[in-house]
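Subject: Structure for you to look through, with notes

Dear colleague,

Please find the structure below, handed over to you together with my notes on what was found in it.

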Amino acid sequence: MSITRPPAVAGTFYPGTPSVLAATVDQLLADATPTVTAQPKALIVPHAGYIYSGSTAAMAYAALKPWREQIRRVILLGPTHRVAVDGLALPEVEFFSTPLGNIRLDREAIAQLAELPQISFSDTAHAWEHSLEVHLPFLQRVLADFTLVPLAVGHASPHAVGEVLDLLWGGPETLIVVSSDLSHFLPYASARQVDHDTCQHILQLDTHIRPEQACGAYPANGLLLAARQRGLVPQLIHLCNSGDTAGDKERVVGYAAFAFHETETGHG
């Protein structure tokens, strides 16, 4: 068994050359307008190729810069595009690799989750999955030293996902990232209307987001449930679609970035 998951979409979704990748991510982060003032406990970030959604993703990740040293662990949840998963799948490898280097998985945290009935272990579910991988170069450039808990989320209830988040919630050292795009392949005007409506539901912490509204609906609903229970305050950082960035306007994919903040009254 390999101990490292190699990058699957380097050279397609993002540059495969280390120097070009670092420069690309750094430029995206430099161009991002900061709109977040408090440390985010959680983010929802899109996962398309960088030419399409990289600018939106960067606006979320740039918000982490002041907490570069403080955030030591990232719980990363994304939908499965290639392998059907019932519940949530963890990998058995010890590292995830990108052209920028290896990221160590948090084996202690993974062991904590192993007994949950909704958790399975599958390197296959992770091998070709881009929804988690595309976030790693951003995290590598914006954070100092951190460990990773990568979860490929298939059909799972908000409660099943929320239970995982509760176990690993931690303090300011732990960041939760949910990977999700919004609507897929609608005409530009329709997509704008649908995505705006979806964003309103997310801002209301509505846990009934559907996969056709957001491909990461299952992990997102779990985060929204946890956010409601813990009194997190959601913030829309940016909303656009591929017709605004690098695609045509006939069939677009929607992208939004959100931050979730803990308040003084929120517990946990």
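Helices and strands are here DSSP runs, numbered from the N terminus, where a helix is H or I over at least four residues and a strand is E over at least two. With that naming, Cys-215 is found in the loop between α8 (188-203) and α9. Please keep in mind that this is a predicted model, in which local features need pLDDT of at least 70 and side-chain atom pairs count only at pLDDT 80 or more, while totals for chains, interfaces and linings use all residues. Residues are numbered from 1 along each chain as its sequence is written, and side-chain values use heavy atoms, with hydrogens and water left out.

Cys-215 counts as buried at 18% relative accessibility, where buried means under 20% relative accessible area, exposed means over 50%, and partly exposed lies in between (1.4 Å probe, protein chains only). Leaving aside its neighbours within four places in sequence, Cys-215 is in contact (heavy atoms within 4.5 Å) with His-47, Pro-79, His-81, Ser-180, Asp-181, Leu-182 and His-184. For one of these, Asp-181, the separation from Cys-215 is 34 residues in sequence, and 5.8 Å in space from C-alpha to C-alpha.

Beyond its neighbours within four places in sequence, the contacts of His-47 include Phe-13, His-130, His-135 and Asp-181.

Salt bridges

Side chains of opposite charge can pair when their charged atoms come close. A salt bridge is counted when a side-chain nitrogen of Lys or Arg is within 4 Å of a carboxyl oxygen of Asp or Glu, and by this rule the count comes to six.

One of them joins Glu-133 and Arg-5, with the closest N and O atoms 3.0 Å apart. Glu-133 lies in helix α5 (residues 130-133) and Arg-5 in strand β1 (residues 4-5), so this pair ties together parts that are 128 residues apart in sequence. Glu-133 is buried at 1% relative accessible area, and Arg-5 counts as buried at 6%.

Another salt bridge is formed by Asp-166 with Arg-230, where the closest N and O atoms are 3.0 Å apart. Because Asp-166 belongs to helix α7 (residues 158-168) and Arg-230 to helix α9 (residues 217-230), the pair ties together parts 64 residues apart in sequence. Asp-166 is partly exposed, with a relative accessible area of 34%, whereas Arg-230 counts as buried at 13%.

A sheet of three strands

An open sheet of three strands has the order β1-β5-β6, with mixed pairing; two strands pair if DSSP finds at least two bridges between them. β1 and β6 stand at the edges with a single partner strand each, so one side of each is left without a neighbour in the sheet. Strand β5 (residues 95-98) is joined to β6 by four bridges, and the two run antiparallel. They form a hairpin with two residues between them, and in this pairing Phe-96 stands opposite Ile-103 in β6.

The largest pocket

The largest pocket has a volume of about 240 Å³. On a 1 Å grid over the protein atoms alone, a pocket is an open set of points where a 1.4 Å probe fits, with protein on both sides within 12 Å along at least five of seven lines, and lining residues have an atom within 4 Å of a point. Grid points are joined across faces, edges and corners, and the volume is the space filled by probe spheres set on the points. The lining is made of 17 residues, of which Ala-48, His-184, Phe-185, Val-253 and Tyr-255 lie nearest the centre of the pocket.

With best wishes
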